[in-house]
Amino acid sequence: MSSGSFVIPDLFSACPYDLRIHPDWVSVSADSEAWVIGGTNFSPKKRAALHGLKAGFLAATCYPGGDAFQLRVCADFMNYLFALDDWGDDCDVEGNARLEADVMSAFRNPEGYQTDLPAGKMAKDFIQRFLPTSGPGCAERFIDTMELFFKAVSQQADDRRSGNIPDLEDYIAMRSDTSACKSCFALLEWTAGIDLPNYVLSHPSIRALEDASNAFVTWSNDIFSYDVEQSRGDDHNMIAVLIREYGYTLQQGVDFVGHLCVGSIERFEKERLAIPSWGVDIDRDVAKYIDGMQNWIVGSLHWSFESLRYFGARNAEIKRELVVKLTPLRMRKEGSRPACSH
């Protein structure tokens, strides 16, 4: 394989889970995209990218149960997360801090907080549909983990500005929060109609299951997004860290991360067998939560090749052939990042 391309691992063969999809996903996806377009000032190019993102498909495969209202709220959050990701990439450090303050103020005080910024207004709209039927523990976990997300994104922006490149250990710690999986897992409770006690969620086996599911989603995304990120000079990716810190070739880095993905599924299954019993009612709710984390593994995998975000129109070909040709570098100068007003 030439240095201008790489082979991605066949994670479909390694993933033993059946894909489920919510039956209302097509109509809900269209409504959710309309919600984002109505709440933002996206350019025609970004609107096209939103349609190609297919976040509604991601929501439908990660939250296949529940009703159409719940799917709509989850699809809106998926679309909103990607908007936040893009807005954050377009902002400097100060802009990211304002973005965080606006969104978190809306999440923590949706009734009293007033804002004219699109990010804050959309956050208020989302959270006011989520909170009324969310358990108090679930709601607190969602908001707290969104704060972790923003802190990690802020650190990433600061590293970008200062030219600081995290080592592997720091990158792994940061990436587990920039993935936003922890907030997405809170939505698993909400769609299942459960609110797990903290003593259950803090159990080492539950934590290990969360970590394993998050790891698969995160590390597989680092593989699938590598080409897009390297083409714009973004090194917030484990493959880039391995190449820089350990001298790996590109293919060695991809293979290493692929091995981690396979290992995370094996770890998920091992920890599933180690779950203790907390009684019939809690055990039933825990089973729903674990099932939801399993859906995130298989749903995110299939979505990565349905979406146009990473492979564009070649997604079906790459899914079949497993070969990615590198896109030429189109680096943007740091000084071109605006303060942003999202």
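This is a short tour of one predicted chain, from the whole fold down to single residues.

Before you start, note that residues count from 1 along each chain as its sequence is written. Because the model is predicted, local features need pLDDT of at least 70 and side-chain atom pairs pLDDT 80 or more, while totals for chains, interfaces and linings use all residues; side-chain values use heavy atoms, without hydrogens and water.

**Whole chain**

Show everything as a cartoon. The chain has 17 helices and two strands; these are DSSP runs numbered from the N terminus, with helices being H or I of at least four residues and strands E of at least two. Along the principal axes, the C-alpha atoms fill a box of roughly 55 × 50 × 35 Å. Now colour by burial: 52% of the 342 residues are buried, meaning under 20% relative accessible area with a 1.4 Å probe, counting protein chains only. Of the contacts (heavy atoms within 4.5 Å) between residues at least 6 apart in sequence, 77% join residues at least 24 apart.

**Helix α15**

Select residues 250-272 next. Helix α15 has 23 residues and reaches 33 Å from its first C-alpha to its last, close to the 33 Å expected at 1.5 Å a residue, where the expected span is 1.5 Å times one less than the number of residues. Show its side chains and look for the buried ones, including Leu-250, Val-254, Val-257, Cys-261, Ile-265 and Phe-268. In an α-helix there are 3.6 residues a turn, so residues three or four places apart point the same way. What covers the buried residues of α15? Display β1 (5-7), α12 (204-224) and α16 (280-306), which are among the covering elements.

**Cysteines**

Stay on Cys-261, buried at a relative accessible area of 0%. Its closest cysteine sulfur is in Cys-15, 11 Å away and too far for a bond. Then move to Cys-181, also buried, at 2%. How many disulfides does the whole structure hold? The search finds zero, a disulfide being a pair of cysteine sulfur atoms within 2.5 Å.

**Two loop residues**

Select Ala-180, in the loop between α9 (168-178) and α10 (181-192). Its phi is near 65°, a positive value in a residue other than glycine. Most residues other than glycine have a negative phi. Ala-180 is buried, at 3% relative accessibility.

Finish at Leu-322, in the loop between α17 (315-321) and β2 (323-325). Here too phi is positive, near 65°, and Leu-322 is buried with a relative accessible area of 17%.

Technical notes. Buried means under 20% relative accessible area, exposed over 50%, partly exposed in between (1.4 Å probe, protein chains only).
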